[in-house]
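The following exercises are to be worked with the sequence and the coordinates at hand. Each task is followed by a solution in steps.

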Amino acid sequence: MPDFPGSPTPPPSAAPADGPAGPLVCSARGCRARAAWGLRWNNPRLHAPERRKTWLACPDHREHLSTHLAERSFLREVVAAEELPGGRE
Ligand SMILES: [Zn+2]
């Protein structure tokens, strides 16, 4: 029976506290609040119809940002931030 007293080395945990994707921060200019909503939008002059861009919005800026997109007929849907797919643009 070999006798190796060394304890197994745990893998290095260098992941940042906020997780690999980082915190979801509101997209409003100058706002650092945590985003609660994802505004999914598409500019048909620039994007393919199925393409979706995502703006993140905190509760305070959801109205402002969604109105901005809706006025241009860009807004497609509003979803809770935790329901957003991993990929952000
Ligand atoms: Zn905000």
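**Exercise 1.** In this predicted model, identify the residues that Cys26 touches, not counting residues up to four places away in sequence.

*Solution.* Apart from those sequence neighbours, Cys26 touches Cys31, Ala33, Ala35, Leu56, Ala57, Cys58 and His61. As a general point, nonpolar side chains in soluble globular proteins tend to be buried together.

**Exercise 2.** Determine which strands pair with β1, and in which sense.

*Solution.* Begin with β1 itself, residues 37-41, where four of the five residues are buried. On pairing, β1 and β2 (residues 53-57) run antiparallel and are joined by five bridges; here Gly38 has Leu56 as its bridge partner. β1 also pairs with β3 (residues 75-80), again in the antiparallel sense and over five bridges. In that pairing, the partner of Leu39 is Val78.

**Exercise 3.** Locate Pro49 and decide whether this residue is buried or exposed.

*Solution.* Pro49 is found in the loop between β1 and β2. Count the other C-beta atoms within 10 Å of its own: there are 8. A residue with 12 or fewer is classed as exposed, and therefore Pro49 is exposed. As to contacts, leaving aside neighbours within four places in sequence, Pro49 meets Asn42 and Pro44.

Methods. Residues numbered from 1 in each chain as written. Predicted model: local features only at pLDDT ≥ 70, side-chain atom pairs only at ≥ 80, totals over all residues. Buried ≥ 20, exposed ≤ 12 C-beta atoms within 10 Å, placed from the backbone. Helix = DSSP H or I, 4+ residues; strand = E, 2+ residues; numbered from the N terminus. Pairing = 2+ DSSP bridges. Contact = placed C-beta atoms within 7 Å.
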